[in-house]
Amino acid sequence: MPLFPIFADLRNRAVLVVGGGDVAERKTLALLDAGAAVTLGAPALTPALRALRDQGRLRHIDGHFEPGWVAGNWLIIAATDDVALNAAVAAAGEQHHIFTNVVDDPQRCSFQVPSVINRAPIQIAISSGGTAPVLARRIRERLESLLDHSLGQLASLAAKRRISIRTRLPDLRRRRQFYDWLLDGPVAALLRQARPQAAEQALQQALAQEYPPLPGSVTLVGAGPGDPGLLTLKALRALNEADVILYDRLVSDEILSLARRDATRISVGKRLGGNHDATQENIHALMREHAGAGRKVVRLKGGDAFIFGRGGEEISALRADGIPYEIVPGITAALACAAYSGIPLTHRDHAQSVRLITAHCAKSEDTLDWRALAAEHQTLAFYMGVGQLDTLSQQLQAHGRAANTPCAVVENGSLPGQRVLPTTLARLAQDAQQHAIHAPALLIIGEVAALATTHHWFGELLESTPKAIQTPASLVPAT
């Protein structure tokens with residue numbers, strides 16, 4: 001199980017350290033920096049620990065560990081090189097319900113001491129749960145290089161003026177915007193230049209300005225196919241600025257976890273068999289309600305809002321209501337599923353164009369130009385077509401597409417449960433049924449789909465019909 005991260009206030013609280021060597025010295029210094037009242041139990045101490053004892057900065061018990069030492073402490077640290085002694089300390093802590101850390105022995109720890117990046121009062125703690133301390137230190141080293149040492153001064157200045165900022169800017173959105181300015185603007189720059197008085201003066205001048213109320217707005221954000229790593233930077237920024245998030249059914253929990261913790265989250269996903277028009281009207285009403293109340297709304301849609309979504313209708317509704325809006329495009333499923341399956345959607349010898357097609361309902365059979373779709377030298381990407389695989393296969397073959405045309409069905413594209421089924425047009429429905437392919441899945445048809453068998457790199461590659469898929473010679477790498 002993952003550890004529960006916590007920052008403990010140890011000011012004037014009793015902490016026991018058992019051990020008097022170099023490790024105990026490091027732990028003791030960190031505890032004293034946090035204001036803890038440290039008791040050190042050991043028959044011998046390092047010179048630095050003796051000096052701290054003589055200065056009255058810690059209490060020393062001169063002797064060998066006894067279980068009675070642990071009573072009354074908030075935390076215990078066992079920092080000796082004696083495995084049996086450390087085990088005895090951990091047992092005593094467990095008996096008294098006191099969190100105990102045994103150095104280099106995670107199995108006996110009830111809390112871990114993380115690697116820390118210190119920009120007091122800002123601190124970043126990194127833990128591997130005791131399983132990979134070298135990795136935690138490596139992450140800390142990388143983050144250290146990204147965080148300027150003036151961040152601590154900036155945080156202290158913001159804390160000093162916190163009441164003034166809250167009083168001057170009671171509106172939460174305006175206050176967040178002000179803090180963004182504080183982090184990115186001249187105040188932070190002046191602190192980096194070691195000019196703290198000028199920085200404080202710039203902050204005071206900013207607080208003296210007039211701040212009219214901010215109007216509400218809506219940002220349509222494409223969440224991509226599911227992998228949180230495929231969110232754009234602008235999408236991530238919008239999620240962290242949102243007051244309200246209206247999200248679709250296929251938006252993953254991992255993506256929602258990247259949003260502001262205090263944002264209101266409302267599921268507006270359409271369900272199979274439901275009244276989609278009524279649901280869409282409800283989405284319009286929610287955008288109108290929250291933006292009208294001055295809130296910043298993110299309409300979070302799977303994939304891209306303008307590829308087989310109803311983003312166009314939502315923009316029209318926003319324009320009709322006079323609500324300001326912004327659009328953040330997302331990576332659509334065809335691009336992501338193809339890339340995560342090793343399939344190039346275009347190829348100079350076999351596919352000079354790509355068609356994105358929805359096969360969402362039976363009516364598609366009557367509206368699609370099957371003769372044009374059956375033409376060679378193009379790649380077809382069918383969205384929402386799992387329930388229509390037999391129809392798609394029959395129509396394309398009936399209008400001239402070869403039965404042995406390569407196909408690939410990508411289920412849960414870009415997600416950990418991705419499965420890729422290479423097959424042919426003739427065997428498409430049969431193979432998909434055999435492997436129990438289900439939505440969400442994307443179908444790719446064309447010669448380039450054969451590369452799923454050789455260029456696959458992510459998720460599970462399902463076994464295709466033996467010798468059914470022939471990779472065109474021009475797609476085979478030269479040896």
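How far apart do the C-alpha centres of domain 2 and domain 4 lie? In this predicted model, in which local features need pLDDT of at least 70, side-chain atom pairs count only at pLDDT 80 or more, and totals for chains, interfaces and linings use all residues, the separation is 54 Å. Residues are numbered from 1 along each chain as its sequence is written, and side-chain values use heavy atoms, with hydrogens and water left out.

The chain divides into domain 1 (14-113), domain 2 (149-208), domain 3 (217-331) and domain 4 (334-461), with bounds taken from an automatic or database domain assignment. Helices (H or I, at least four residues) and strands (E, at least two) are DSSP runs numbered from the N terminus.

We can begin with an open sheet of 5 strands, ordered E3-E2-E1-E4-E5 with parallel pairing; two strands pair if DSSP finds at least two bridges between them. Its edges are strand E3 (59-61) and strand E5 (99-102), each pairing on one side only. From one strand to the next, the twist averages 20°, where axes are lines fitted to C-alpha atoms (for helices, over the stretch in contact) and angles run from 0 to 180 degrees between N-to-C directions. Strand E1 (residues 14-18) runs parallel to strand E4 (residues 75-78) and is joined to E4 by 4 bridges; Val 18 has Ala 78 as its bridge partner there.

Beyond four places in sequence, the contacts of Leu 443 (heavy atoms within 4.5 Å) include Phe 382, Leu 392, Val 409 and Leu 428.

A UniProt record, an unreviewed entry, places the feature "binding site" at Pro 225, Gly 302, Gly 303, Asp 304, Ile 307, Thr 332, Ala 333, Met 384 and Gly 413. Its positions follow the numbering used here, feature names are shortened, and annotations may be inferred rather than shown by experiment. Ala 333 belongs to helix H14 (residues 333-340) and, beyond four places in sequence, contacts Ala 338, Tyr 383 and Leu 442. Gly 413 sits in the loop between strand E15 (406-411) and strand E16 (419-424), and with a relative accessible area of 9% Gly 413 is buried. Outside its sequence neighbours within four places, Gly 413 is in contact with Pro 225, Cys 337 and Gln 418. Met 384, in the loop between E14 and H17, is partly exposed at 37% relative accessibility and has a positive phi of about 50° although not a glycine.

Other backbone features deserve a look. Asp 104, likewise not a glycine, has a positive phi of about 60°; the residue lies in the loop between E5 and E6 and counts as exposed at 78% relative accessibility. The peptide bond from Ala 120 to Pro 121 is cis, with omega near 5°. Another cis peptide bond joins Ala 439 to Pro 440, with omega about 0°, and Pro 440 lies in the loop between H18 and E17.

How values were computed:
Buried < 20%, exposed > 50% of the residue type's maximum accessible area, 1.4 Å probe, protein only.
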